[in-house]
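Okay, everyone, thanks for coming. Let me put the model up and then walk you through a few parts of it.

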Amino acid sequence: MSRYRDVPEDQVYRLFYPAPVYVISAALGKDEDALSVVWVTPVSLNPPRVGVAISPERYSYSLIRKSKSFAVNKLPFRYVQQMAFIGDVSKRYLRNKLDLSGLHIGAGRTSGVRIIREADAVVECKLVSSLEAGDHDIIVGQVTAAYASHEFDAIWDVRRHSYASYVGSIGDGETARRIFVSTDGEVEETRWPRNEAVARRNRDHRAIEEAGLAVKGKDLHEAAKAVAAKTAIHHRDALFLLEEMRRQGLVQLGGRLVASDFE
Ligand SMILES: Cc1cc2nc3c(=O)[nH]c(=O)nc-3n(C[C@H](O)[C@H](O)[C@H](O)COP(=O)(O)O)c2cc1C
């Protein structure tokens, strides 16, 4: 028997797991949001910069682009259920997502930046660039403030600081679950929340796939208008959902998102 099994293209990213989970918080005035991410890494020592791969479909992404700032928060393992919740539910579909998440958002040290109060470490950033990498953009943030709990003293004391790494999801629909592992090897599973916001997000994704095919060949912005006129999907949401489809090669559309789409 061969030492290797072939890995299908759509599973390659999972070879990089388990990977630490972070929470990105962002705000534009009173409009605050947070999402879970695993595709995060430092990208420059001097100046200190971090990169995050984030899909334009995420509500938080527009807040980051508009406010030109965000924070990376590292939470202890005991908040794994809360991290799964904010990673499954979008503010696009649940306006009081953060209130229901059990996490608390507060002012950071940099003007306008919001942070998660439960974090063991916070890295506040100013957005310096974004690059279309594929269906996600890589955003690069320059560090404007960084602070951590006392378990960090030049390096993390890993006997006292337990954080969550994401292993991946298994199953489909109602039976789907996400697997996380702690630094101590404790495994915890989370289930997809069964709420109207998750159901609507899934419905919009299915509807956009049908509607998207009907507007094949059009310019992205024209296509979004046409979809909004024909479906219950709001024009702005249609724009981001169609852009995701375009990037994934699911529909041929002219044009692409431009900076003013985030304004
Ligand atoms: C463990 C986990 C890791 C995730 N990693 C990423 C990531 O690296 N980049 C990304 O764009 N979305 C990632 N997501 C998905 C977002 O967190 C999710 O779409 C979220 O609902 C977006 O919320 P928003 O629309 O309110 O911004 C992840 C989700 C989970 C549960």
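**Around the ligand**

So, of the 24 residues around the ligand, Val37, Trp39, Ser60, Gly87 and Ser90 come nearest; a residue is near a molecule if its C-beta atom, placed from the backbone, lies within 6 Å of it. Before I go on: this is a predicted model, where local features need pLDDT of at least 70, side-chain atom pairs count only at pLDDT 80 or more, and totals for chains, interfaces and linings use all residues. Residues are numbered from 1 along each chain as its sequence is written.

Which strand gives the shell its largest share? That's E3, with four residues. E3, E5, H1 and helix H2 (80–88) each supply at least two. Helices (H or I, at least four residues) and strands (E, at least two) are DSSP runs, numbered from the N terminus.

Now H1, residues 59–67. Ser60, Tyr61, Ser62, Leu63, Ile64 and Arg65 are buried there, meaning 20 or more other C-beta atoms lie within 10 Å of the residue's own. Those buried residues pack against several strands, including E2 (22–28), E3 (31–37) and E5 (49–54); contact here is C-beta atoms, placed from the backbone, within 7 Å.

Pairing needs at least two DSSP bridges between two strands. E13 (164–170) and E14 (177–182) pair over six bridges, and Ala164 has Ser182 in E14 as its bridge partner.

Note on methods: A residue is buried if 20 or more other C-beta atoms lie within 10 Å of its own, exposed if 12 or fewer, and partly exposed in between; C-beta atoms are placed from the backbone. Two residues are in contact if their C-beta atoms, placed from the backbone, lie within 7 Å.
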